[in-house]
Amino acid sequence: LSLRRQRQMCIRDRAKGALDTAYLDAAGRTPATAVPVELGGTTLVAGVYKSPTSLGITGTVTLDAQNDPNAVWVFQTDATLITASSSVVSLINQAQACNVFWQVGSSATFGTDSDFAGHVFAQTSIQTTSGTVIRGQLLARDASVTLISTRIINDACVTVTPTPTATATPTPTPPPSGGGDTTPSTPSPTPVSYTHLRAPRD
């Protein structure tokens, strides 16, 4: 094999491995809130949502970040993801497409003029139709990604580091006559990162 061909195969294998990792990570996120098959007409705050059958979008599903640009959504389905013609995934209050993930156990199909947001990790295949706009990525593990007159947009993802909130220092309570320190201690929370869910674009 030529060096160029070897490099191409290396990039392919690395990208496939990253997709497998992202798919399994998204599929394993818990706890998940059960949702009906049809998401259209609903407004959802950040969280993990699961349908044991399929997911569909007719009309508009709204993702509300509640003014937190780091808000993350993970959608899980054991079967298909199907969007109707002219369906919309609407992002409001600083929600970002880069923080939306769709783990699809089978195939994903997008209807004509769908306006969709998020990274799609499909087990089988992905099919778009004319006029579809995708703000994110379309990645399939086992079969093809077929694009028909489709626009894919990958905007920069804004990550905001929360500003610590100043709190008053508690006044220590004098120890009882027996001695000992009674000043309470508060453990620091462990941050949770979702950035590794994003597969590389190599």
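A salt bridge is taken here as a side-chain nitrogen of Lys or Arg within 4 Å of a carboxyl oxygen of Asp or Glu. The structure is a predicted model, in which local features need pLDDT of at least 70 and side-chain atom pairs count only at pLDDT 80 or more, while totals for chains, interfaces and linings use all residues. Residues are numbered from 1 along each chain as its sequence is written, and side-chain values use heavy atoms, with hydrogens and water left out.

The protein contains 1 helix and 15 strands; helices (H or I, at least four residues) and strands (E, at least two) are DSSP runs, numbered from the N terminus. Of its 202 residues, 34% count as buried, where buried means under 20% relative accessible area, exposed over 50%, and partly exposed in between (1.4 Å probe, protein chains only). Among contacts (heavy atoms within 4.5 Å) with a separation of 6 or more, 52% are accounted for by residues 24 or more positions apart.

The salt-bridge rule gives a count of 5 in the protein. One of them joins Asp78 and Lys50, with an N to O distance of 3.2 Å. This pair links distant parts of the chain, 28 residues apart: Asp78 lies in the loop between strand 6 (73-77) and strand 7 (81-83), and Lys50 lies in strand 3 (residues 47-51). Asp78 is partly exposed at 46% relative accessibility, and Lys50 is also partly exposed, at 27%.

A further salt bridge is formed by the side chains of Arg135 and Asp115, at 2.9 Å from N to O. Here strand 13, which holds Arg135, is linked to strand 11 (residues 115-122), which holds Asp115, the two residues being 20 apart in the chain. Asp115 has a relative accessible area of 28% and is partly exposed.

Arg141 forms a salt bridge with Asp20, the closest N and O atoms lying 3.0 Å apart. Because Arg141 is in the loop between strand 13 (133-140) and strand 14 (145-146) and Asp20 is in helix 1 (residues 3-27), the pair ties together parts that are 121 residues apart in sequence. Asp20 counts as buried, with a relative accessibility of 18%. Through salt bridges that share partners, Lys16, Asp20 and Arg141 are joined into one network.
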